[in-house]
Amino acid sequence: MLKRSRALASVALIAVVTGMGAPAWAETLQEAIALAYQTNPTLLAQRANQRALDESIVQARAGLRPQLDVTVSAEYARTWNETLPDTETDGGGASIGLSQTLWTGGRIGHGITAAEADILAGRENLRDTEQTVLAAVIQSYADVIRDTEILRIRQANLTVLQRQLDEATARFEVGEITRTDVAQSEARLAQSEADLANAQAQLSVSRAGYASVVGQSPGDLAPMPVLPGVPTDFDSALETALIDNPGVRGALYNLRSAEAAVARARSEYLPSASINASYGGSVSAVDQFLDLADNTQFRAGATLSVPLFTGGLNGSRVAQALERANAAQITVEGQRRNTLQDVSSAYAQTLSARSTLQAGTEAVRAATVAAEGVRQEAQVGLRTTLDVLNQELELRNAEVTLASARRNEYVAQANLLAAMGRLEGADLDPTLPIYDPASNFNRVKNRGALPWDGLLEGLDRIAAPTIVPATDQPDAPIDQQLKSEIVRTAPNE
């Protein structure tokens with residue numbers, strides 16, 4: 001892995017410094033997305049974090065299962081006494097114990113519900129990270145295409161101005177124009193050389209950004225394809241975003257977890273019941289350990305624990321859980337407002353960039369016609385050298401504006417799709433092998449399971465405090481999502 005990272009860095013560095021196209025595995029946007037989807041460190045790290053979070057369901061369900069432990073002990077004691085002889089004693093023992101929780105008033109059951117909600121919230125965080133990474137891929141792809149086009153414009157402009165200077169010099173030598181005209185051409189040529197250097201530097205920066213997010217330096221990139229699912233009206237975009245945006249969905253799952261934590265805290269007031277058994281024995285001397293079987297006993301019993309006074313601990317835990325649920329409810333509203341802002345901003349930027357693109361296309365067309373006309377008129381003495389230079393500058397500025405407008409519209413569309421929650425790998429490329437976090441969950445959720453887990457979970461939820469929604473917003477759909485998302489069968493990774 002280290003050698004591969006160094007190789008990728010070397011290729012990117014060579015491409016940035018020399019400006020030459022290195023061997024490219026991502027020539028189209030789909031290929032760039034596929035490569036980033038498989039190798040981007042930020043995305044891979046978030047997937048690992050999600051797999052770690054999946055283990056919380058195993059830990060939550062462990063409370064339904066018996067605990068088995070073996071204890072072996074040995075001790076030695078020596079007593080000094082001024083009036084009696086010194087004494088030495090030793091002994092030891094061994095035992096095996098088994099305990100099984102039967103009912104906790106819902107503490108285990110609500111803990112399982114909270115863990116499931118946390119896992120689903122984690123999946124939304126993974127979706128958000130994936131969309132952020134893919135939006136960065138699209139932006140870097142568009143940046144390279146834009147800066148490549150601007151570099152071509154600057155190179156063409158330099159060629160035209162060099163030819164203009166040659167023509168001005170020749171006309172000056174025959175007395176058709178003055179030295180001022182030649183100086184004007186020289187000044188514009190020098191400025192064009194500076195613009196070309198800046199364009200080369202900007203392209204190097206964009207190529208480096210592309211290599212960072214995609215994992216491979218770009219070669220000759222294909223034109224930007226049409227992004228699927230771009231909405232045509234604001235209302236539909238906002239409606240989709242309030243349902244599919246990962247920030248909103250994650251906040252709802254966090255609220256569900258907080259509500260389960262409230263019910264779990266309230267269950268601390270209820271008694272708990274368990275059964276236990278042990279088998280073992282002890283000896284009065286360590287050297288008699290082999291005779292331990294002659295001095296053993298078996299014990300079995302049941303325990304009912306009823307909390308009577310906890311010094312305000314349980315009440316404080318309930319109050320704390322309620323405030324956290326209140327904060328989670330407020331966060332849901334905050335996420336909805338943020339989503340509204342993101343959708344509104346991205347949609348406005350899309351419309352603005354689209355208008356700029358249309359105007360830029362017309363400006364380039366008109367400036368091209370004007371530049372050609374001014375050049376022809378200058379040849380017959382109807383225009384000055386400065387007129388030709390100014391019109392050439394206007395044409396190049398229009399072309400640069402058009403290239404930037406194409407990039408801005410494309411990036412704005414990608415940001416709009418991300419705000420809607422529609423910029424995942426499957427949305428952009430249906431043929432992309434998709435990473436499904438549910439696959440790992442389904443693989444680990446039954447680790448350590450025993451046949452009576454379901455029975456004990458149902459028993460634990462009997463007479464347990466119910467989960468009271470902190471909001472009258474779509475709690476039932478979240479409940480259904482919890483059930484359908486957790487139990488669904490996912491394909492192997």
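This is a predicted model: local features need pLDDT of at least 70, side-chain atom pairs count only at pLDDT 80 or more; totals for chains, interfaces and linings use all residues.
Student: Thanks! Why are helices α2 and α5 called oblique to each other?

Tutor: Helix α2 (residues 29–39) and helix α5 (residues 179–214) pack at about 50°. Roughly parallel needs an angle under 35 degrees and roughly perpendicular 65 to 115, so α2 and α5 count as oblique. Their contact involves A32, L35, A36 and T39 of α2 with Y210, V213 and V214 of α5.

Student: What makes the aromatic pair of Y141 and Y210 tilted?

Tutor: The planes of Y141 and Y210 are 40° apart. Stacked would need under 30 degrees and edge-to-face over 60, so this pair is tilted. Y141 lies in helix α4 and Y210 in helix α5, so the pair ties together parts 69 residues apart in sequence.

Student: And why is the pair of F234 and Y347 called edge-to-face?

Tutor: Here the angle between the planes is 65°, and over 60 counts as edge-to-face.

Student: Why does Y347 count as buried, and what does F234 count as?

Tutor: Buried means under 20% relative accessible area. Y347 has 14%, so it is buried. F234, at 25%, is above that cut-off but not over the 50% for exposed, so F234 counts as partly exposed.

Terms used
Residues are numbered from 1 along each chain as its sequence is written. Side-chain values use heavy atoms; hydrogens and water are left out. Axes are lines fitted to C-alpha atoms, for helices over the stretch in contact, and angles run from 0 to 180 degrees between N-to-C directions. Helices (H or I, at least four residues) and strands (E, at least two) are DSSP runs, numbered from the N terminus. Angles under 35 degrees count as roughly parallel, over 145 as roughly antiparallel, 65 to 115 as roughly perpendicular and the rest as oblique. Contact means heavy atoms within 4.5 Å. Rings of Phe, Tyr and Trp (its six-membered ring) pair if their centres lie within 6.5 Å; planes under 30 degrees apart count as stacked, over 60 as edge-to-face and the rest as tilted. Buried means under 20% relative accessible area, exposed over 50%, partly exposed in between (1.4 Å probe, protein chains only).
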